[in-house]
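Colleague: I am new to this structure and would like a close look at how the chains meet. Please take me through the contacts between them, one interface at a time.

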Amino acid sequence: MTTMADLATPIMPNWCPGCGNFTIWLSFKNAAIENGWDNTNTSIIAGIGCHGHLVNFTKLTSFEGLHGRPLPLASGVKLANTRLNVFVFTGDGDCFGEGGNHFIHAARRNHDITIMLHDNGLYALTTGQASPLTEHEVKTKSTPTGNPDNPINPLVMAIASGATFVARAYGSDVKQLTEIIKKANEHKGFAIIDILQPCETYNKILTHQFYQDNVYYLEDSYDPKNKTKAFERAHEFGEKKIPLGIFYIEEKPTLESHYVQLESKPLIDIPLDRKNMDNVFNKYL
Amino acid sequence: MDKEVQIGNLKVKVLRDTCIGAASCVAFAPTVFQLDDERKAVVIEGANETAEIIMMAAQSCPVKAIILTDATTGEQVWPN
Amino acid sequence: MPTKVYKLKIAGQAGQGIKSSGLTFARFATRSGFNIYNYFEYPSLIRGGHNVMQINISDGEVSGPSKLTDFLVALNQESIHKHKNSLSEGAFVLYDGASKIKVESLPNSVKLLSVPLSKMAHEIGGQDILINMVALGVVAGMMQGDMTVLQTLVEEEYHDKPEILKADILAIEHGYKYAQENFKDLIESCFKLQNHKKESRMILNGSDSVSLAAVASGLQFSAIYPMSPITGVLSNLAKLQTEFKFIFKQPEDEISAIVMAIGASFAGARSMTATSGGGFCLMTEGYGLAGITETPLVIIEGMRPGPATGLPTWNSQGDLLFVLNAHQDEFPRLVLAAGDLTEAFYMTMEAFYLADKYQTPVVVLLDKNILEHEQSVPKFDISDYRIDRGKMTTEFSPEFKRFLITEDGISPRTIPGVGNFFIANSDEHDEKGFSNEEIENRNNQMNKRMRKLQTFIKNDLPKPTIYGNENADLTIVSWGSNKGSIIQALEEYTNVNYLHLTWMNPFPVDEIINILKNAKKLVILECNYSGQLAILIRQHTGIDITDKILKFDGRPFFVEDIKDIINERLKK
């Protein structure tokens with residue numbers, strides 16, 4: 001059983017007032033409480049960015065690694081202990097800038113981990129530079145004459161790279177986000193939630209108001225198994241048409257399930273005393 | 001005039017015109033804040049909640065529409 | 001009397017099975033009771049190019065490559081041209097008499113063995129690859145080797161390919177018979193490879209010994225990206241993972257390799273990665289992450305000449321100062337260098353023990369020559385190796401302080417999933433791992449981490465080894481694979497000794513100072529441009545070894561080179 005108090009640490013959040021991180025953090029804690037995630041069954045892996053500070057406010061054994069490297073870190077953790085629910089908290093710069101190469105390969109390998117992408121459309125911790133998800137021609141600290149680059153669409157990239165659970169949520173809709181986080185963790189395989197996260201301090205375009213006016217939920221008749229349809233809807237973004245919900249789901253063996261060594265127990269529970277190596281040594285005689 | 005409700009040692013007020021209904025305060029402190037039919041946050045009479053939770057709710061407000069005042073000193077605690 | 005080393009060299013076009021037949025013959029020698037040291041040269045071409053396998057055979061110890069050759073098997077014209085000036089007095093040269101190979105300009109003391117290798121191979125119905133098997137048969141015949149030993153060996157290697165097996169056996173028999181019938185008088189003056197029936201030894205290279213050592217040490221997770229010269233470690237671990245129930249993963253790049261290994265180690269798995277200098281450039285970011293988060297990790301760094309792609313399939317010792325200083329700012333680095341594949345085995349096992357004990361990354365440096373050249377060694381003994389995970393606990397305790405300030409600098413360690421909350425934090429952090437930039441906390445945590453080095457120096461830093469007797473007219477100082485050639489050369493001298501350095505950080509300062517101070521004459525040998533070990537010695541001890549022999553052409557110090565170096569200095 002996990003309570004809100006169990007998840008609290010002595011450190012209070014230091015995000016800017018109105019930061020989307022507050023409600024993303026709250027949604028994750030709600031999911032943890034409802035599913036009983038705690039220090040015996042869950043670990044959080046975070047990159048470097050505003051999102052990363054979350055490890056200081058959440059009492060779940062965690063690893064805040066290097067900018068851009070949470071995915072390989074999480075892959076190692078999951079392979080070593082398949083019992084753990086492994087969550088990766090990453091930002092759009094952390095995941096698609098510095099960590100872009102890792103994202104593609106972790107997705108195609110279908111590690112059984114859950115990626116919480118804090119998508120605020122720029123680098124906020126370093127005060128507002130353009131990120132790989134920043135729209136074309138948008139003015140930022142690093143693109144005063146307008147962003148010369150075209151952005152990556154995280155949902156399209158995820159589906160194309162082989163992710164087998166791809167969803168998008170609005171960070172302030174706590175009820176919906178909590179449900180999607182639980183489903184993403186239940187999913188066996190590489191699950192990513194693109195969480196639209198307003199950054200009131202630096203992103204004057206993608207604000208709470210903008211999202212409230214333009215998001216809508218995928219219709220009930222939408223079939224997340226249809227990959228081409230998922231690609232199509234994943235491209236939708238703009239006035240009155242920002243779809244939320246689960247875009248794509250595919251049942252595919254996870255990377256971890258490939259290893260016969262892991263069938264009966266997690267790697268770290270397998271005894272590592274290897275006294276008898278004569279049959280191997282003798283091969284060299 | 002925006003209604004002010006005292007909870008514990010805090011006086012809590014929502015600036016109705018500033019509020020945009022992001023409802024992050026409702027998410028943090030559902031016993032203290034609710035959205036009315038105009039999607040505006042209102043403080044519930046007679047609610048009780050810890051000062052920390054109310055502070056977090058206030059801090060999460062994207063437009064700083066929640067004003068917290070220390071009941072004993074009368075000094076504004078948030079936004080500081 | 002120094003032990004007699006007989007030098008057999010098989011040379012020819014890449015793809016003629018030079019390495020595989022050379023390895024078969026080397027195994028034939030050890031199963032007949034002899035020791036061997038192989039030296040294989042090949043260019044980094046996708047296909048083609050001149051390959052040379054030199055097999056040094058001795059009934060005593062043999063540990064280094066030689067320049068001169070006693071028996072050359074020249075499988076093409078280029079082999080005659082390239083090796084005719086490195087033949088010893090009265091050397092044998094075997095070539096294909098049925099081909100157009102010309103052999104005029106050879107020294108007159110050479111004993112020519114013209115054998116219709118290709119004709120014999122085609123008669124048996126084999127293609128060119130069979131030529132080297134016929135050649136092996138001839139060499140075995142010249143050395144009067146025990147045919148049954150050679151046949152059992154070939155049967156073991158090709159038991160799953162019956163048609164190749166039949167052809168190989170025939171080829172060897174024909175070659176053997178041809179030598180016995182046509183070169184009766186020359187056989188007497190050839191090396192005798194009778195079956196001594198001594199306990200046979202293992203033949204393997206450094207990649208094999210590092211892989212076996214890792215498995216013996218309880219390796220649980222390894223992530224390695226392919227790169228010469230450590231790819232052998234990758235393929236060994238990939239094969240052994242199912243039998244020994246660990247996981248080997250090939251990641252997308254070296255950054256991922258080291259970070260994955262750190263993640264697995266954080267979660268409690270004994271982890272390792274391996275790379276060469278270029279890959280280690282990419283790993284330097286993760287190297288310090290393991291340092292500040294105090295996560296145990298073993299890193300094997302196989303050295304080849306740089307910069308950048310450099311000489312991918314040749315030898316170097318050029319990464320020493322780079323590895324000692326890689327990653328920004330300071331954390332406790334444990335760095336040691338192996339001198340041969342036996343040292344590589346036991347040092348790798350030690351590295352896993354030390355990584356867990358000191359909760360920090362341990363780098364084992366290996367020259368390419370150690371990783372890729374076979375040597376016969378006594379079977380490894382792992383009976384007294386204990387898996388000791390240091391201060392690791394999976395017991396729950398409510399206020400677990402993973403980064404507790406301790407006197408020896410080592411905090412209690414726990415892992416996720418056992419109820420103990422902590423943050424492995426790349427930010428500077430307090431005793432539970434919360435980000436903390438306060439002055440007192442920073443000083444405490446930095447001092448604590450660095451104190452591990454003092455604890456290591458007190459408890460685990462071995463003394464450097466001196467080969468040869470204490471007082472000598474000349475002391476050679478060196479490290480890495482130069483050890484093999486130096487020791488073999490030293491057999492012919494009583495007044496020369498060799499100071500062999502293995503621990504690079506922490507550095508055994510006091511012992512080195514008094515050894516160097518008492519030495520009459522010093523010379524230092526290194527395979528890098530500016531004498532990096534000499535620089536390290538001067539940095540730590542203030543002693544400047546001015547007589548430096550520096551080689552950076554990718555070739556090793558041959559045993560003959562060492563003797564020349566010694567003779568020049570003993571004359572003065």
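Modeller: Chain B and chain C do not touch, and their nearest C-alpha atoms are 20 Å apart. This is a predicted model, and the values below are computed from it. Two pairs of chains are in contact, and of these chains A and C share the most contacts.

I take the interface of chain C and chain A to begin with. Chain C brings 71 residues to the contact and chain A brings 55 residues. Between them an area of about 5200 Å² is buried, and carbon and sulfur atoms give 64% of that area. On the side of chain C, the three residues C:I247, C:E252 and C:F421 supply 12% of the area that chain C buries against chain A, more than any other three residues.

In a salt bridge between C:E285 and A:R69, the closest N and O atoms are 2.9 Å apart. The rule for polar contacts finds 23 residue pairs across the interface of chain C and chain A, with both residues at pLDDT 80 or more. Several elements of chain C each supply at least two residues of the side that touches chain A, among them helix 1 (18-31), helix 9 (231-244), strand 9 (247-249), helix 10 (254-266) and helix 11 (277-292). The largest share of that side comes from helix 10 of chain C, with eight residues.

Now the interface of chain A and chain B. Here 15 residues from chain A are in the contact, along with 15 residues from chain B. Chain A and chain B bury about 1200 Å² between them, with 73% of it on carbon and sulfur atoms. In chain A, the residues that lose the most area to chain B are A:P17, A:F22 and A:Q212, which together make up 35% of what that side buries. The count of salt bridges between chain A and chain B is zero. The polar contacts across the interface of chain A and chain B come to two residue pairs, both residues at pLDDT 80 or more. Helix 1 and helix 8 (208-214) of chain A are the elements that give two or more residues to the side of chain A that touches chain B. Of that side, helix 1 of chain A gives the most, with four residues.

Because A:F22 lies in helix 1 (residues 21-35) of chain A and B:F28 in helix 1 (residues 24-28) of chain B, the pair joins two chains. A:F22 and B:F28 are both buried. Within chain A, the charged end of A:K29 sits over the ring of A:W25, at 3.4 Å from the ring centre.

Terms used:
Residues numbered from 1 in each chain as written. Chains lettered and ligands numbered in written order. Predicted model: local features only at pLDDT ≥ 70, side-chain atom pairs only at ≥ 80, totals over all residues. Heavy atoms only, no water. Buried < 20%, exposed > 50% of the residue type's maximum accessible area, 1.4 Å probe, protein only. Lys NZ or Arg CZ within 6 Å of the ring centre and 35° of its normal. Contact = heavy atoms within 4.5 Å. Buried area = accessible area lost by both parts, 1.4 Å probe. Salt bridge = Lys/Arg side-chain N within 4 Å of Asp/Glu carboxyl O. Polar contact = N/O pair within 3.5 Å; in protein donor to acceptor, adjacent residues only side chain to side chain.
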